[in-house]
Amino acid sequence: MTQFWPSPAKLNLFLYITGQRPDGYHDLQTLFQFVDYGDRLAFTVRDDAKITLTPSVEGVPDEQNLIVRAAKMLQQRLPAPRGADILLEKRLPMGGGLGGGSSNAATTLIALNMLWNAGLSDSELAELGVSLGADVPVFVMGHAAFAEGIGEVLQPVSPAEKWYLIAHPGVSIPTPAIFGDPELTRDTPKRLIDELLSATYSNDCEPIARKRFCEVEQLVSWLLEYAPTRLTGTGACVFAEFDTEASAEEVLGQAPAWINGFVARGVNVSPLHKTRAELMRVAAKA
């Protein structure tokens, strides 16, 4: 039987850019929370060293896909060659700011570490993952977190688990389009976590995304009529927060035809880690 592993989306509940490094990377202060919605991956272990991915992601050669790269990176840590056939069910949009690619990489690392008996700790997997993307470590560690550095310095936190209407305006925003914009705010003062958590949340990338992409501006303007609304990551997805699932679904039901959206619950423990724990319990009883 094929066993699917969740690859959840994340939201940046706030995102502030506090500086830019000589290498071009930006220093951040951000709050990550998972949602109970995302892609799914299934893994079949092979006795040879071949890694296959089905289906391929349109526009992304397999050798550049973070799933394949993560598998091959972990493969290098094995004493003997092992391979895997990987099946991907893709639901998260590309260039949406929901961390889909990073989440896929983290799920691959977590699942194959268990299936291959590689024996690495989550901290070791996160260290591997940061070279694939700054968001990979938070997915690997599996708990909502306040993040600094380029997003890899994590401190677990437990924000309120709200309901969210998450909507995509139909455009993909490449991260460099935002971080490379000369008008992007890059000098937001650093603040202590307690101050940030008690302040009104915002996203320094949002003004650029709304200015450069009219679809984002239209989406934010529409959602703001119903609930507090922000961009996640560098976009293009935006989210509105609600206290109940029913209120979020009611607004989604009124969405114009050009808006693609879904309702999900914010969760502080990743569905990926819950799945791993359950599989480990089942294996221990067998």
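Axes here are lines fitted to C-alpha atoms, for helices over the stretch in contact, and angles run from 0 to 180 degrees between N-to-C directions. The exercises below concern a predicted model.

**Exercise 1.** Determine how the axes of α2 and α3 are oriented to each other, and which residues make the contact.

*Solution.* The axes of α2 and α3 come within 10 Å and cross at roughly 135°. Angles over 145 degrees count as roughly antiparallel and those from 65 to 115 as roughly perpendicular, and the two helices are therefore oblique to each other. The crossing is right-handed. On the side of α2 the contact is made by Leu109, Ile110 and Asn113, and on the side of α3 by Asp122, Leu125 and Gly129; by class, these are three nonpolar, two polar and one charged residues.

**Exercise 2.** Describe the largest nonpolar core and the surroundings of Trp116.

*Solution.* The largest nonpolar core has 39 residues, and those with the most contacts inside it are Leu74, Ile86, Trp116 and Val140. Elements that each supply at least two residues of this core include α1 (66-75), β4 (83-89) and α2 (100-115). Not counting residues up to four places away in sequence, Trp116 touches, among others, Ala71, Leu74 and Gln75. A second, separate core of 29 residues includes Leu28, Trp222, Phe242 and Val251.

Terms used
Residues are numbered from 1 along each chain as its sequence is written. This is a predicted model: local features need pLDDT of at least 70, side-chain atom pairs count only at pLDDT 80 or more; totals for chains, interfaces and linings use all residues. Side-chain values use heavy atoms; hydrogens and water are left out. A nonpolar core is a set of buried Ala, Val, Leu, Ile, Met, Phe, Trp, Tyr and Cys residues joined through side-chain atoms within 4.5 Å. Buried means under 20% relative accessible area, exposed over 50%, partly exposed in between (1.4 Å probe, protein chains only). Helices (H or I, at least four residues) and strands (E, at least two) are DSSP runs, numbered from the N terminus. Contact means heavy atoms within 4.5 Å. Angles under 35 degrees count as roughly parallel, over 145 as roughly antiparallel, 65 to 115 as roughly perpendicular and the rest as oblique. A crossing is left-handed if the near helix is turned anticlockwise from the far one by less than a right angle, and right-handed if clockwise. Ala, Val, Leu, Ile, Met, Phe, Trp, Tyr, Cys and Pro count as nonpolar, Asp, Glu, Lys and Arg as charged, and the others, Gly among them, as polar.
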